[in-house]
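Try each task before reading its solution.

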Amino acid sequence: MPCSAITITKPKTQPDQPKIEQRIVSAHADPILLSMWSHRAWVISGLVGYMVADLWSGVYHWVIDNYGNTSTPLFGDQIEEFQGHHMWPWVITKRQFANNLHDLGRAVTFAVLPIDLFCDNPIIHGFASVCFGCILFSQQFHAWAHSTKSRLPPLVVALEDLGILLPRSQHAAHHRPPYDNNYCIVSGI
Ligand SMILES: [Zn+2]
Ligand SMILES: [Zn+2]
């Protein structure tokens, strides 16, 4: 019995097909698909957010390294943790991911939530998401800066060597006399 059950029918060309194609081609040049300066500003605001996060991490680190103690309201635990870090710097490499970041996660949530709820500007969202994202992960970047190269993923080593994440050698200077520099822990820019 011949296999004639399957027949292939050629799609008929619709009379208006050229018009559709023309519309698709012209859509590529449609102004609503192009990047405008407001869109590019969204990208630039992310870069600014990355640098502001580094600066903020440095200022905050400098304050809690040098002022207050365990009895300071609200910040006592963090002050104890950071000042203790100078006595036992390797401990941060033993902390598991969530243990190391959960305090910052709480602070970042309180800061980001009102921006998300009450602001509808993509430039501010670009800035806030990168800035607070970097602040959230800054303690992980700090922990990586205390690890040995052989224990880090190759991508992290590459980003540290490029200075995109806090370089190990740069942060080592913070733990050497006179103990008053290199406070930034996102990129160390
Ligand atoms: Zn410190
Ligand atoms: Zn450190």
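**Exercise 1.** Decide whether N182 is buried or exposed in this predicted model.

*Solution.* Start by counting the other C-beta atoms within 10 Å of N182: there are 20. A residue is called buried once that count reaches 20 or more, so N182 is buried. Finally, look at the backbone of N182, where phi is near 55 degrees, a positive value in a residue other than glycine.

**Exercise 2.** Describe the surroundings of P89.

*Solution.* First locate P89 in the loop between helix 3 (76-87) and helix 4 (91-94). Then count: P89 has 16 C-beta neighbours inside 10 Å, so P89 counts as partly exposed. Setting aside neighbours within four places in sequence, the contacts of P89 are H146 and H175. For a distance in space, take A143: A143 and P89 are 54 residues apart in sequence, yet their C-alpha atoms are 9.3 Å apart.

**Exercise 3.** Work out how many helices and strands the chain has.

*Solution.* The chain holds 8 helices and 0 strands. Reading along the sequence therefore gives the pattern α-α-α-α-α-α-α-α. Of the 189 residues, 19% count as buried. Turning to contacts with a separation of 6 or more, 60% join residues 24 or more positions apart.

**Exercise 4.** Check the span of helix 6 against its number of residues.

*Solution.* Helix 6 has 25 residues, and at 1.5 Å a residue these should span 36 Å. The expected span uses one less than the number of residues. The end C-alpha atoms of helix 6 are 36 Å apart, so the two values agree. Look along the helix as well: helix 6 bends by about 45 degrees at F137.

**Exercise 5.** Describe how helix 2 and helix 6 cross.

*Solution.* The axes of helix 2 (residues 37-66) and helix 6 come within 7 Å and cross at roughly 35 degrees. The crossing is right-handed. Among the residues making the contact are A41, W42 and W56 of helix 2, and P122, F127 and C131 of helix 6.

**Exercise 6.** Which residues touch the most other members of the largest nonpolar core?

*Solution.* That core has 19 residues, and the ones touching the most other members are C131, C134, F141, L166 and V186. Helix 6 (residues 122-146) supplies the largest share of this core, 12 residues. Take L166 for a closer look: leaving out residues up to four places away in sequence, its contacts include F141, A145, I185 and V186.

Methods: Residues are numbered from 1 along each chain as its sequence is written. Chains are lettered from A and ligands numbered from 1 in the order in which they are written. This is a predicted model: local features need pLDDT of at least 70, side-chain atom pairs count only at pLDDT 80 or more; totals for chains, interfaces and linings use all residues. A nonpolar core is a set of buried Ala, Val, Leu, Ile, Met, Phe, Trp, Tyr and Cys residues joined through C-beta atoms within 7 Å. A residue is buried if 20 or more other C-beta atoms lie within 10 Å of its own, exposed if 12 or fewer, and partly exposed in between; C-beta atoms are placed from the backbone. Helices (H or I, at least four residues) and strands (E, at least two) are DSSP runs, numbered from the N terminus. Two residues are in contact if their C-beta atoms, placed from the backbone, lie within 7 Å. The bend at a residue is the angle between axes fitted to the seven residues ending there and the seven starting there. Axes are lines fitted to C-alpha atoms, for helices over the stretch in contact, and angles run from 0 to 180 degrees between N-to-C directions. A crossing is left-handed if the near helix is turned anticlockwise from the far one by less than a right angle, and right-handed if clockwise.
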